[in-house]
Amino acid sequence: MNPLREGWEMADVETVIGRGVPDELLHVPIAVSMGPPDCAWAQDVCLRLASHPHFNVRGNAVLGFGHLARTCGALDEARVRPVVEAALRDPDPYVRGQADAAVGDLEHFLGWRIDVPDPAEAD
């Protein structure tokens, strides 16, 4: 269930994060990265959720960086790159797949070059 309806505000997002329910949290990074009211805040939300224990939340947070590359045109490379690189080696295949998708956007929209590990080495 997506707890964020059209017209959501940053306070609504913080309320969802505060509840900490994974089935709600997995929607947060997608919502904040597709139409961020503030790019730095949206990046911070994704950074906070990228280390979440639940694979769907973690994976969607990493995917959010790719969306932010497109919607904002800039990210803090020193903070985001290590998180994406770690996600490429995440034990969960969903997280690795979302990281791989994010890499494509980071490279296309921001000009970053990120080495993607061989998938055979991840399992």
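Here is a short chat on reading helix packing and salt bridges in this predicted model.

User: How are H5 and H7 oriented, parallel or perpendicular to each other?

Analyst: Start with the angle between the two axes. Angles under 35 degrees count as roughly parallel. Here, helix H5 (residues 55-72) and helix H7 (residues 93-110) pack at about 10 degrees, with axes 7 Å apart. H5 and H7 are therefore roughly parallel to each other.

User: Which residues of H5 and H7 meet?

Analyst: On the H5 side, they include Phe55, Val62, Leu63 and Phe65, and the H7 residues include Tyr94, Val95, Leu106 and Phe109. By class, this contact has 13 nonpolar, six polar and three charged residues.

User: On to salt bridges. How many does a search of the whole structure find?

Analyst: The search finds six. To read one, check which side chains pair up, then where the partners sit. Take Arg48 and Glu14, whose side chains meet at 2.9 Å, N to O. Arg48 lies in helix H4 (residues 39-49) and Glu14 in helix H1 (residues 10-19), so this pair ties together parts 34 residues apart in sequence.

User: And are Arg58 and Asp90 buried or exposed?

Analyst: Both are buried. Their side chains also form a salt bridge, again 2.9 Å from N to O. Arg58 is in helix H5, while Asp90 is in the loop between H6 and H7, 32 residues apart.

User: What about Glu85 and Arg81 in helix H6?

Analyst: Those two are four residues apart, about one turn of the helix. Salt bridges with shared partners join Glu77, Arg81 and Glu85 into one network. Arg81 has 18% relative accessibility, so it counts as buried, whereas Glu85, at 27%, is partly exposed.

Notes: Residues numbered from 1 in each chain as written. Predicted model: local features only at pLDDT ≥ 70, side-chain atom pairs only at ≥ 80, totals over all residues. Heavy atoms only, no water. Axes fitted to C-alpha atoms, helices over the stretch in contact; angles between N-to-C directions. Parallel < 35°, antiparallel > 145°, perpendicular 65-115°, else oblique. Contact = heavy atoms within 4.5 Å. Nonpolar A, V, L, I, M, F, W, Y, C, P; charged D, E, K, R; others polar. Salt bridge = Lys/Arg side-chain N within 4 Å of Asp/Glu carboxyl O. Buried < 20%, exposed > 50% of the residue type's maximum accessible area, 1.4 Å probe, protein only.
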